[in-house]
Amino acid sequence: MDFNGSGGGNEVHNNQFYPSEESKPLLGEMSAQQPPLEGNNNHKAGPCSKRSLLLSSSGMRYKLLQEGDIQVCVVKHPRTFLSKILTSKFLRRWEPHHLTLTDSSLMSATPTGYMEAPLSYSTIEDLQLLSWDNAPKYCVQLSFPGGTVLLQAANSYLRDQWFHSIQWKKKIYKYRKVLNNPSRWDVVLKEIRALVDMALSSPLQDESIHQAPLHIISTLLSENINLSAQDHENIIVAIAPLLENNHPPPDLCEFFCKHCRERPRSMVVIEVFTPVVQRILKHNMDFGKCPRLRLFTQEYILALNELNAGMEVVKKFIHSMHGPTGQCPHPRVLPNLVAVCLAAIYSCYEEFINSRDNSPSLKEIRNGCQQQSDRKPPMPLRLLRPEPPTPPPTTTLSPTPALPLSPPPSIVNSSEILVELERNNNTTNTLRKGPSEGDSEPNLIDCLLVSPALNALSIQLPAHADRVLGCFALILKMLSDYDDWRPALASLLQPIPFPKEELKYVIQRFAEDPRQEVHSCLLSVRSGKDGWFQLYSPGGVACDDDGELFASMVHILMGSCYKTKKFLLSLAENKLGPCMLLALRGNQTMVEILCLMLEYNIIENKDTQLQIISTLESTHVGLRMYEQLCDRQRELKELQRKGGPTRLTLPSKSTDADLARLLSSGSFGNLENLSLAFTNVTSACAEQLIKLPSLKQLNLWSTQFGDTGLRLLSEHLACLQVLNLSMKSLCSLNMNSTKLTADTYEDLKAKLPNLKEVDVRYTEAW
């Protein structure tokens, strides 16, 4: 043996000295007797003393080493001569190496000399700390069969850091090997507890100290899916201490989700998962990087909802996250809760979307799915009531175009009457698909909205999805009840079209809040993007209350800093129809809005001004406020004396009663053009229409107007020249004494398959 080290550096790494030790049992490692610290004269061995562990009472903490520079010396020797070798004056050759602590071995950046080959953790039999009385050397001794590796550090702190880091790597390597092939689960459970204890008692401070055991246990659970429920609970309880200050890794989240779904009433859910979820909500910064944490939080909340008290338990949990004071001390709780709720709601609709033959998943939409040629024809969405058809679908993913006043018709020419009919084709409303911006989640409006003219969607969700939807909609309601959370909630909550009372309650809370940062969020967040203000307006996709919530929004906006000409101009440009419809029904806020539009001269078109005046005069409150306005604005009276409007457009969703109330409020003898398109009028309104002697153009597109009404119109409106219809079910048509041509008549019969009675006497087609 060459004590001087010359020529011996390359010999000591022969594999015969490194037998495998992977099957060595781990139990009892953590309870090994600790040798006394150096300095105790009763335990010295000559000039050199050694110890295997530092006492925990020292309180020192170390960062886990992954690599570093250190001096290395390797000596081959029989174990009985170790003491003589360590005291020998020939122990002088040290090699500088940059060592890396991999998951399985010690490796040198320069694999030569003593560290020509990696030193596997499985070959290390023992670790000890060494120090000399006669020289300030700080060493870690690694014993392997037939030899010793000495690592010399610059000081005692670095030596101890190397010692604890190598010891940690060695034990984690062994645990990973042993738990990778479990035999008896009672033994495995003991090993897991020992692993957890080791992580909790380690003097090393590093994220991986707790994460590495969690990943080992996570892999163990993912590869052994047939465990009993009791084994599940025992393992969860065993690792609970590690989860107090650490997020569970993804695979462990899957295991927790499964437990929540299969055993929602288990005490583990309350006692173990509650602090874990609380920590996630308080400290998570981005669910996009760890979506399984979000899924686990969803499943935990659904498990709480399965308890006997149901939503009361969920409510107590939400309150615990907010805290007892008026201000929540954790700024991440609200955005994390909102992210969890919206993701759960998305999942409900994603199941519906994916069930359709032509519908890509939300993931495909995120990735910009444009390959539609191989998809089957889409099935139409079920609407609550019939709607006009949209133009044929295109293959581009352009934004939703604005809806024209009337869809493209098939025009049947007559010298006196132009009858516009709906196209008789098989085109159906298709699901609009568009790539989302960046990597964010696609907006459900972009995924579900068929046309801007839609009022509501009738989507039949599965029972489970409906329960999920109800649960998380209620959570949004709870969040809106906290004053300090409401401003941030208003900015975080994006419009999602599902008609739930809980969501409507949230928007109502926003509308009633006097703070500008809250109710300003009701408006569009950016140009071309509808906000709650647009969606809940009459005719909007979420409006199911005849505009009551919309009126509340306008009231609070006009009652604060939005009482400006700019806001009135926006209403006049985009929401004049809904405002007039609600004013026609006696809503005081909308009456005030129309009066302000007249007073500030917002409306320039004289016909529109006259229509607003007629709307105001149709109700007692409107008439009173209009008279007060006229006392201040004399020119309004002059405008009215010149006669009624020549053009009039009734707001969409108006009824027969609305039309009757409007026409009875003033003079409409000059009315030549009347549009009732997209309203809810029926043939009963014909009694009012025949009182308009000057009417030349009438638009009845997408109404419930029928044969009886058409018969009255044909008998009384002698000046009528243009009539727009969308009635494929028309059975009777009277064209007597018109200049109807034979070609036009043939086209009429082709477009109206249900036509049975036709009066074409005294025409070219007779």
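**Entry 1: H4 and H5**

Which residues in H4 meet which residues in H5? I started my notebook with this one, and I keep in mind that I am reading a predicted model. On the H4 side I found His210, Pro213, Leu214, Ile217 and Leu221, and they meet Ile235, Ile239, Leu242 and Leu243 in H5. I sorted the residues of this contact by class and got 8 nonpolar, 1 polar and no charged.

Next I looked up how the two helices lie. H4 spans residues 207-223 and H5 spans residues 229-243. Their axes come within 10 Å and cross at roughly 155°. Angles over 145 degrees count as roughly antiparallel, so that is my label for H4 and H5. I also noted that H4 passes H5 in a left-handed crossing.

**Entry 2: H5 and H6**

I stayed with H5 and turned to helix H6, residues 250-262. How do the axes of H5 and H6 cross? They come within 12 Å and cross at roughly 130°, and the two helices are therefore oblique to each other. The crossing of H5 past H6 is left-handed.

From H5, the contact uses His232, Glu233, Ile236, Ile239 and Leu243. From H6, I wrote down Leu252, Phe255, Phe256 and His259. By class, I have 6 nonpolar, 2 polar and 1 charged residues here.

Which residues of helix H28 are buried? I looked along residues 742-751 and listed Thr744, Tyr745 and Leu748. They cover an arc of only 100° around the axis, so they sit on the same side of H28.

I picked Val468, which lies in helix H13, residues 463-480. Is Val468 buried or exposed? Its relative accessibility is 7%, so I put Val468 down as buried.

What does Val468 touch, if I leave out residues up to four places away in sequence? My list reads Leu302, Ala344 and Cys348. I followed up on Leu302: it is 166 residues from Val468 along the chain, yet their C-alpha atoms are separated by 7.3 Å.

**Entry 3: two loop residues with positive phi**

I then looked at backbone angles. Asn601 has a phi near 55°, a positive value in a residue other than glycine. Where is Asn601 found? I located it in the loop between helix H21 (588-599) and helix H22 (606-617).

Lys653 was my next stop, with a positive phi of about 75° although it is not a glycine. I found Lys653 in the loop between strand S11 (647-649) and helix H25 (656-663). Its relative accessible area is 15%, so Lys653 counts as buried.

**Entry 4: stepping back**

How many helices and strands does the protein have? I noted 28 helices and 16 strands. Of its 766 residues, 51% count as buried. Last, I looked at contacts with a separation of 6 or more: residues 24 or more positions apart account for 68% of them.

How values were computed:
Residues numbered from 1 in each chain as written. Predicted model: local features only at pLDDT ≥ 70, side-chain atom pairs only at ≥ 80, totals over all residues. Heavy atoms only, no water. Axes fitted to C-alpha atoms, helices over the stretch in contact; angles between N-to-C directions. Helix = DSSP H or I, 4+ residues; strand = E, 2+ residues; numbered from the N terminus. Parallel < 35°, antiparallel > 145°, perpendicular 65-115°, else oblique. Left-handed = near helix turned anticlockwise from the far one by under 90°. Contact = heavy atoms within 4.5 Å. Nonpolar A, V, L, I, M, F, W, Y, C, P; charged D, E, K, R; others polar. Buried < 20%, exposed > 50% of the residue type's maximum accessible area, 1.4 Å probe, protein only. Arc of directions from axis to C-beta.
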